[in-house]
Amino acid sequence: MEMNSLMSTQLLELQQTVQMSVMQSALNANTSAALELLEDMPQQQAPHPYKGSMIDISI
């Protein structure tokens, strides 16, 4: 393998590593932003659809 080809291969591997690192950083940033949004949402319980408004009696 000649030197130019070896350097080209190493450069491609380095570019892939940097791209993966950038993608991982972006994913971490998006994850932390999504967690912040979820934590900031008001915590409300949904009302039961029919609790207290109907009586079901079976004999």
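How much accessible surface does the chain have, and what share of it belongs to carbon and sulfur atoms? The accessible surface comes to about 6,200 Å² (Shrake-Rupley method, 1.4 Å probe), and 60% of it belongs to carbon and sulfur atoms.

## About the model

This is a predicted model, in which local features need pLDDT of at least 70 and side-chain atom pairs count only at pLDDT 80 or more, while totals for chains, interfaces and linings use all residues. Residues are numbered from 1 along each chain as its sequence is written, and side-chain values use heavy atoms, leaving out hydrogens and water.

## Overall form

Let's start with the fold: the chain has 1 helix and 0 strands (DSSP runs of H or I, at least four residues, and of E, at least two). With a radius of gyration of 28 Å over C-alpha atoms, well over the 10 Å from the globule rule for 59 residues (2.2 Å times the number of residues to the power 0.38), the chain is more spread out than a compact globule.

Along the principal axes, the C-alpha atoms fill a box of roughly 90 × 30 × 10 Å. Buried residues (under 20% relative accessible area) make up 0% of the 59.

## Along helix α1

Helix α1 covers residues 3-40. N4 sits in this helix and is exposed (over 50%), at 54% relative accessible area. Its C-alpha atom is 56 Å from that of M41, 37 residues apart along the chain.

L11 also belongs to helix α1, and is partly exposed (between those two cut-offs) at 47%.

Note on methods
Buried < 20%, exposed > 50% of the residue type's maximum accessible area, 1.4 Å probe, protein only.
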